[in-house]
Amino acid sequence: MLRKFKSLKKTARTDFFTYLGVVVAFIVMFALQQAGALSSSVSSWLVPICCFIVMAVSLNLTVGILGELSLGHAGFMSVGAFSGVIAAMSLSEAIPFAPLRLALAILVGALFAALTGVVVGVPVLRLRGDYLAIVTLAFGQIIKDLINCLLVGYDSNGLHIIFNLSKLTIEDLHMDETGIAIIKGAQGATGIEKLATFPAGFILVMLTLVIVLNMVRSRTGRAVMAIRDNRIAAESVGINITKYKLIAFITSAALAGAAGALYGLNYGSLVSSRFDFNTSILVLVYVVLGGLGNIWGSIVAATVLYVLPEALREFQDYRMLAYAVVLILVMLATNNDRLKALLGRLLPRRKEEKDRG
Amino acid sequence: MTFFLSCLISGISLGSVYAIIALGYTMVYGIAKMLNFAHGDVIMVGGYVCYCALNYLGLPSLVSVLLAMAACTALGILIEGLAYKPLRQAGSLAVLITAIGVSYFLQNAAQLIWGATPKTFTSVVHIELPQTLTNVGVSSEALVTVLVCVVIMVGLTLFINKSKLGKAMRACSEDKGAAQLMGINVNRTISVTFAIGSALAAVAGVLLCSSFPILQPTTGSMPGIKAFTAAVFGGIGSIPGAFLGGILLGIIESLAKGYISTDLANAIVFAVLIVVLLVRPAGLLGKYVPEKV
């Protein structure tokens, strides 16, 4: 058994340990939660951590595997969150079984985010480098502003949606007495039923891992990585650049949408400014600190960096300052040649492998 | 007609502020090839320093502005030396994240020093305009902003094209290795670029706060992003491009606010940027460099 395991490829072993780590972490945390050993604040972190793990892994697909800098990933999360919330609230009578409704909401969120991904991706992926980065940033801002102008309600006649350019209020939807307001413009969505649970988050993380890891290790993934390493060479061996870029980009968007739907259904109210530029940057920080193209790195970084500022709450004003300093120092340390040489001497085996590779 | 004119004028004034910030962005990008996300927060620091000099030390306006410029120049050199210089050889993403770290640091440090409650900035401009101008919506702040922007733009163009240091900057932005071989001190040139960019950010901060007198730790972030957009709009790395991009962006934003919707003004600005980039992938005045195989 052990010999068979050792004969596996290195990537397969890494993937195995990634899955194993997530499963073990889930079992431990879930057991602790059921036993009541977690404080209420720690339990409240569990679902957001799952969401941000999915966000980080999906962004890693765009930034690490595809090699295109995206600064608007929170925009897809936002689309997923609001469409998921709309789906969950309007289906509350049709489907009383909560887990099914949650699954449907996540699916709807992923679908709408994927559609947005197509709309954004087709024009954007023609651009390169920093220009692509600024356009994704712009799209993130546009999505945020557009959602701020939405009025959505649901009554016995179905969904009512208007796009609010003047001073309309939720009354202008003209709903009958069974109507419920879902999104009230800049006030966002209120009265959301909290459907998200930790096991649901865990399942979403596992699904994301299955999708992303299988994709990366497949023909598609190799094509995407070939485009990242050398676009011209990839094109010259017959790889359809647009197609593979779009596949990676849309998958990433859909997963972000799913994470958004779960995130949205974890809170009683939701405003679109929660998914602003800073959220995109936050997820990007997870990806870069976890290592570009390194999936388990993203998972660890998302968990640690989500918990760190939360756990430092007692320091209040100083915590974000400390966070900023840590961020700068880590970037300086990981890019320091002298430190790298020192590590190389301490871990000779790793260096050997690298030289051989 | 009067409404259109007043929209246009406030747009040009806002655009001038964007242009000044974008000039700093574009210079730093041209030479260091990095997106300096902390630039917007240097604006905010400039605003606060000027505010303190005016209100606590009671200094005259011009001295306060100069003090803010000096403080931001020092800050710019300090940031560059401590955070960016060790990463010269690192990948662009590492530098980007460091810049974001610096941005967080400045925002939170400002919040600790000056508090999160917004301060009301007293304008540094004290000029009485004739009645004919104020009737069409020209404020003294707008006039001064536009004038300062034009002066900076002309001065910077002359500096880059005529002076020895400007020539060194152009050489560094084209090819750092070759510039070094020609005896140019690349590190010092980059530091000087950061210093100039930060001094411009201070001016922009003071002008911005004079027109929109609310000063808080996040004051700089949105104008920073917009100015970055302006720089890309005009073609990043190009100085006339940054100027043109800034002014156009200001006008579009102001017209969108006046005629369509205040909530959607930002979205419209960004939508225009996307359309422009799709038609001209290197911005309005940027040079498109074909790839060599």
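Me: What makes residues of chain A count as in contact with residues of chain B, and how many are there on each side?
Reply: Contact means heavy atoms within 4.5 Å; by that rule 43 residues of chain A are in contact with 44 residues of chain B. The model is predicted: local features need pLDDT of at least 70, side-chain atom pairs count only at pLDDT 80 or more, and totals for chains, interfaces and linings use all residues. Side-chain values use heavy atoms, with hydrogens and water left out.

Me: What area do chain A and chain B bury between them?
Reply: Buried area is the accessible area (1.4 Å probe) that two parts lose on being put together, summed over both. Here that comes to about 3,800 Å², with 79% of it on carbon and sulfur atoms.

Me: How many salt bridges are counted between chain A and chain B?
Reply: A salt bridge needs a side-chain nitrogen of Lys or Arg within 4 Å of a carboxyl oxygen of Asp or Glu. The count between the two chains is 0.

Me: Why is the pairing of S1(A) and S3(A) called a strand pair?
Reply: Two strands pair if DSSP finds at least two bridges between them, and strands are DSSP runs (E, at least two residues), numbered from the N terminus. One bridge joins Gly153(A) to Ala181(A) in S3(A).

Me: Which are the edge strands of chain A?
Reply: The open sheet has the order S2-S1-S3. Strands S2 (158-163) and S3 (180-184) are the edges, each pairing on one side only.

Technical notes:
Residues numbered from 1 in each chain as written. Chains lettered and ligands numbered in written order. Helix = DSSP H or I, 4+ residues; strand = E, 2+ residues; numbered from the N terminus.
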